[in-house]
Amino acid sequence: MEKPEILYMVVPCYNEEEVLNETASQLKAKYTSLIERKLISPESRVVFVNDGSKDKTWSMIQELHKADPNFFSGINLAHNSGHQNAVLAGLMTVKEICDMAITMDADLQDDINTIDAMVEKYYEGNQVVYGVRSARDTDTFFKKFTAEGFYKFMKVMGADVVYNHADFRLMSRRVLQELANFKEVNLFLRGMVPLIGFQSCSVYYERHERFAGESKYPLKKMLAFAVNGITSFSTKPLKLITTLGFIMSALSICMFIWAFIAKIGGFSEHGWSSTMCSIWFIGGLQLLCLGIIGEYVGKIYAEVKQRPRYIVAEFINEPPKE
């Protein structure tokens, strides 16, 4: 390593006033250690991305920048764009001024000490370093079951995702430049980054409890995130509908043959229950299929409009002039 390279930490924030100062304090201590060990350049910075917070998050970011302009930077989005868009906004804003970038959430659940290993793996030649959970001991049974089920289901659906990896990862400038070529509006970074390729590896860590505040991903958002991930990276649900169509057609033919034999045999009976069950089953199946198709049509609708995924209202990165 001839010269330490510039690391920008991109931290999306939405209503994080309870934890922001502690996150900043821990990241500054970690950066100071990395700079002293000459693993990163003194020009490295932490960039907080305010995703339309309704509390004091942005004013706190401004105060952090004012107090230490050579260390803390901030990006203020014009409105709430969602977690994935906030992460992308930060990465695309800094991609030309950094050599590598790490994304992590502001809640301190990702282990900051893992940053050392990520940077070391980068210097070994890896362009992407994934932070992967080694265990889910801090999760409830329901959270653990649904999360692990999500990764397994994504694999079955054909999406190339890293098991137990969220959005804690390091990417080189080259990878960020290639990521900029992905123009889709429906973002699922966990699936997009592996598609880029390049040499990659994983580092493992234990996820902590949230330091303060409440989770910004309740069950409703988690389900929406899962649906977006599946429909953004796999067409297997559409193929499943076709398969179901063939199965139902085959069953219909069998039922027709059975009804015909029963009729000519003289032992047919008209049953209300069987008729109603058939109607409800077929009707429910049709609505389910229409819903799946609707998800894909909605994705197409959003993509063809080509609206911006985020709007940066302000980027504070330069030290104030004397």
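Start by selecting K95: this residue is buried, with a relative accessible area of 17%. Here buried means under 20% relative accessible area, exposed means over 50%, and partly exposed lies in between, using a 1.4 Å probe and protein chains only. Before moving on, note that this is a predicted model, in which local features need pLDDT of at least 70 and side-chain atom pairs count only at pLDDT 80 or more, while totals for chains, interfaces and linings use all residues. Residues are numbered from 1 along each chain as its sequence is written, and side-chain values use heavy atoms, with hydrogens and water left out.

K95 forms a salt bridge with E96, and the closest N and O atoms are 3.1 Å apart. A salt bridge here is a side-chain nitrogen of Lys or Arg within 4 Å of a carboxyl oxygen of Asp or Glu. E96 counts as partly exposed, at 45% relative accessibility.

**Next stop: helix α1**

Select residues 20–36, which make up α1. Helices (H or I, at least four residues) and strands (E, at least two) are DSSP runs, numbered from the N terminus. Try the distance tool on the end C-alpha atoms of α1: they are 24 Å apart, in agreement with the 24 Å that its 17 residues should span at 1.5 Å a residue. That expected span is 1.5 Å times one less than the number of residues.

Which residues of α1 are buried? Colour L20, T23, A24, L27, K30, Y31 and L34 to see them. They cover an arc of only 135° around the axis, which puts them on the same side of α1. The arc is that of the directions from the helix axis to the C-beta atoms. As a reminder, an α-helix has 3.6 residues a turn, so residues three or four places apart point the same way.

Show the neighbours too: the buried residues of α1 pack against β1, β2, α2, β3 and α4 (114–123), where contact means heavy atoms within 4.5 Å. Then step just past the helix to K38, which takes a positive phi of about 60°.

**Across to helix α2**

Select residues 57–67 for α2, whose buried residues are T57, W58, M60, I61, L64 and H65. These cover an arc of only 160° around the axis, which puts them on the same side of α2. Turn the view to the face pointing away from that buried side, and you will find the exposed residues K66 and A67. Among the elements covering the buried residues of α2 are β1 (7–13), β2 (45–50), β3 (72–77) and β8 (312–316).

**A link between the two regions**

Pick K28 and D68, which form a salt bridge with their closest N and O atoms 2.8 Å apart. K28 lies in helix α1 and D68 in the loop between α2 and β3, so the pair ties together parts that are 40 residues apart in sequence. K28 is partly exposed, with a relative accessible area of 36%, whereas D68 counts as buried at 17%.

How many salt bridges does a search of the whole structure find? It finds nine. One to select is D167 with R169, where the closest N and O atoms are 2.9 Å apart. D167 counts as buried at 5% relative accessibility, and R169 counts as buried at 1%. Elsewhere, select K30, R37, D116 and E120 together: salt bridges that share partners join them into one network.

**Last stop: the cysteines**

Finish with C13, buried with a relative accessible area of 1%, and C98, buried with 0%. With a disulfide taken as a pair of cysteine sulfur atoms within 2.5 Å, the count comes to zero disulfides.
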